[in-house]
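The sequence and the structure come first.

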Amino acid sequence: MAMTQETLATALERANTRMDTLADVLNAADAKLGDGDTGTMLARLIATFAAVDVRATPDLGTAFMALAKAGAASTGSSLGTLVITAMMTAGKASASQSALGWDRLGPLLAAIRDAAMARGKAELGAKTIVDGLDALAKSLAGEEDPATIAQIADRTMRAVLEDFRPRPCTMGRARMFADTSRGLDDPGMLALAELVWAVIGHEDARHAGTAFA
């Protein structure tokens, strides 16, 4: 079993379906610390991704690059830019390959984390999406069974949200609401967690996981 264009297409379809209800959840979270449009932006971006026929691309790298190109035309937000950066990073890592072993997911997430930090000038510990990416990358390093990966990803995202919830946001727009942000989830980190849960097949983000398609 490996990550393929079929796997990617299924993940995008699940994420897009989840955005029907998740957009309002993320908007509400963002409204407490920002402009209140994170969910709307992300829903538009993921709908754009889902409209790309990644199954028809010649290889996995081309599929990710096609998503990056399509997404770049649909978003100008900081979070959206990081998502596009993630797609480009994944595209470079999987160039000319039709499949990636699941054992490469952890290192791929680490590369995406590093690219996001460089692009957004983010630092670990500031309570942003990169802290979620960091936790995922570290927890999935060396894992190669998709069912186990799903279970670890579920636990990791719940744990990182719980860990960072009492802390203040110290980067991005939310840093202006540092005191208020204590006890709240960072919208970007929450978005990552919810999308992870959607991709691994959770309708209820707080329940134990299943596996990738």
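This is a predicted model: local features need pLDDT of at least 70, side-chain atom pairs count only at pLDDT 80 or more; totals for chains, interfaces and linings use all residues.

Which residue with a positive phi follows H6? That residue is Gly142, with phi near 85°.

## Helix H6

H6 (129-140) consists of 12 residues. From its first C-alpha to its last it reaches 17 Å, close to the 16 Å expected at 1.5 Å a residue.

The helix is mostly covered, with 10 of its 12 residues buried. The buried residues are Ile129, Val130, Asp131, Gly132, Leu133, Asp134, Ala135, Leu136, Ala137 and Leu140. Their packing partners are H4, H5, H7 and H9.

## Helix H5

H5 (105-120) has 16 residues, and its reach of 22 Å between first and last C-alpha is close to the 22 Å expected at 1.5 Å a residue. After H5 comes Lys121, which has a positive phi near 55°.

Buried residues in H5 are Leu105, Gly106, Leu108, Leu109, Ala110, Ile112, Arg113, Ala116 and Met117. The cover over them includes the strands E1 (2-3) and E2 (100-101), together with H4, H6 and H7.

## Arg113 and Arg158

Arg113 is among the buried residues of H5. Arg158 belongs to H7, which spans residues 146-164.

## Nonpolar core

In soluble globular proteins, nonpolar side chains tend to be buried together. Here the largest nonpolar core has 63 residues. Those with the most contacts inside this core are Leu8, Met19, Leu42, Phe49, Val54, Leu67 and Met157. At least two residues come from each of H1, H2, H3, H4, H5, H6, H7 and H9, and H1 gives the most, with nine.

Val54 touches Gln5, Leu8, Ala9, Leu12, Ala63 and Leu67, leaving aside residues up to four places away in sequence. Two of these partners, Leu8 and Leu67, are themselves listed with Val54 among the core residues with the most contacts.

## Largest cavity

How many cavities of 30 Å³ or more does a search of the whole structure find? The search finds one. The largest cavity has a volume of about 950 Å³. Its lining is made up of 39 residues, and Met87, Leu109, Leu192, Val196 and Val199 are the closest to its centre. Leu109 is also one of the buried residues of H5.

Elements giving two or more residues to this lining are H1 (5-31), H2, H3 (60-72), H4, H5, H6, H7 and H9. By class, the lining residues are 36 nonpolar and three polar, with no charged residue.

## Largest pocket

The largest pocket holds about 610 Å³ of space. Of its 26 lining residues, Ser78, Leu79, Leu82, Gly172 and Arg173 lie nearest the centre. Two or more lining residues come from each of H2 (38-50), H4 (78-93), H5, H6 and H9 (187-199). H4 gives the largest share, four residues.

The pocket lining divides into 11 nonpolar, nine polar and six charged residues, whereas the lining of the largest cavity has no charged residues.

Key. Residues are numbered from 1 along each chain as its sequence is written. Side-chain values use heavy atoms; hydrogens and water are left out. On a 1 Å grid over the protein atoms alone, a cavity is a set of points where a 1.4 Å probe fits but cannot get out, and a pocket is an open set with protein on both sides within 12 Å along at least five of seven lines; lining residues have an atom within 4 Å of a point. Grid points are joined across faces, edges and corners, and a volume is the space filled by probe spheres set on the points. Ala, Val, Leu, Ile, Met, Phe, Trp, Tyr, Cys and Pro count as nonpolar, Asp, Glu, Lys and Arg as charged, and the others, Gly among them, as polar. A nonpolar core is a set of buried Ala, Val, Leu, Ile, Met, Phe, Trp, Tyr and Cys residues joined through side-chain atoms within 4.5 Å. Buried means under 20% relative accessible area, exposed over 50%, partly exposed in between (1.4 Å probe, protein chains only). Contact means heavy atoms within 4.5 Å. The expected span of a helix is 1.5 Å times one less than its number of residues.
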